[in-house]
Amino acid sequence: MKKCLVVDDSKVIRKVACHILETLDFTVAEAEDGSQALEAVQSESPDVVLLDWNMPVMDGMQFLKALGELTLEKRPKVIFCTTENGVEHIREAIDAGADEYIMKPFDRETLQSKLQIVELG
Ligand SMILES: [Mg+2]
């Protein structure tokens, strides 16, 4: 089974994302900010990270930069989540190492297609 780390400061969004991912046969781990996510990337070795942009403590951009500095055996793919108000962040995130992006709120089909794009479908 592939593993996805869901990173979002919203418990509701984590719950929805985790549920969708489980229906897509993923094992899931959760983190509520970038700092927790950095630890989880090292302890859980996820195949993919679903990354929120706006979070307290460490935001999505800071996480991407810190992830780039880690030495990992297996680098996870990163799909970052943005809203219509945050589309200007897409280029910034891709430049910082994100593989794909998804607009919030997302549904099962959209998430599945993004996972397939990063070759995890
Ligand atoms: Mg957020």
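**Close-up views of the predicted model**

**Figure 1. Contacts of aspartate 52.** Aspartate 52 touches Val7, Asp8, Asp9, Gly60 and Cys81, with residues up to four places away in sequence not counted; two residues are in contact if their C-beta atoms, placed from the backbone, lie within 7 Å. The model is predicted: local features need pLDDT of at least 70, side-chain atom pairs count only at pLDDT 80 or more, and totals for chains, interfaces and linings use all residues. Residues are numbered from 1 along each chain as its sequence is written. Aspartate 52 belongs to strand β3 (residues 48-52); helices (H or I, at least four residues) and strands (E, at least two) are DSSP runs, numbered from the N terminus. Aspartate 52 is buried, since 26 other C-beta atoms lie within 10 Å. A residue is termed buried if 20 or more other C-beta atoms lie within 10 Å of its own, exposed if 12 or fewer, and partly exposed in between, with C-beta atoms placed from the backbone. An unreviewed UniProt entry places the feature "modified residue: 4-aspartylphosphate" at Asp52; UniProt positions follow the numbering used here, feature names are shortened, and annotations may be inferred rather than shown by experiment.

**Figure 2. Strand β3 and its partner strands.** Five of the five residues of β3 are buried. Val48, Leu50 and Asp52 point one way from the strand, whereas Val49 and Leu51 point the other way. β1 and β3 run parallel and are joined by four bridges; strands pair if DSSP finds at least two bridges between them. Within this pairing, valine 49 is the bridge partner of leucine 5 in β3. β3 and β4 also run parallel, joined by five bridges, and lysine 77 is the bridge partner of valine 48 in β4.

**Figure 3. Helix α3 between β3 and β4.** β3, α3 and β4 make a right-handed β-α-β unit; a crossover is right-handed if, with the strands pointing away from the viewer, the path from the first strand over the helix to the second runs clockwise. In α3 (residues 60-69), the buried residues are Gly60, Phe63, Leu64 and Leu67. These residues lie on the same side of α3 because they cover an arc of only 100° around the axis, the arc being that of the directions from the helix axis to the C-beta atoms. The buried residues of α3 pack against α2 (34-44), β3, β4 (77-82) and α4 (89-95).

**Figure 4. The largest nonpolar core.** A nonpolar core is a set of buried Ala, Val, Leu, Ile, Met, Phe, Trp, Tyr and Cys residues joined through C-beta atoms within 7 Å. The largest such core holds 30 residues, of which Cys4, Leu5, Val7, Val49, Leu50, Leu51 and Phe80 touch the most other members. Elements giving two or more residues to this core include β1 (2-7), α1 (11-23), β2 (26-31) and α5 (108-117). Beyond its neighbours within four places in sequence, leucine 5 contacts Ala29, Ala31, Ala37, Ala40, Val41, Glu44, Pro46 and Val49.

**Figure 5. The two sides of helix α5.** Leu111, Lys114 and Leu115 are the buried residues of α5. They share the same side of α5 because their arc around the axis is only 100°. On the other side of α5, Glu109 and Gln116 are exposed. The buried residues of α5 pack against α1, β3, β4 and β5 (100-103). Glutamate 119 follows α5 and has a positive phi, near 65°.
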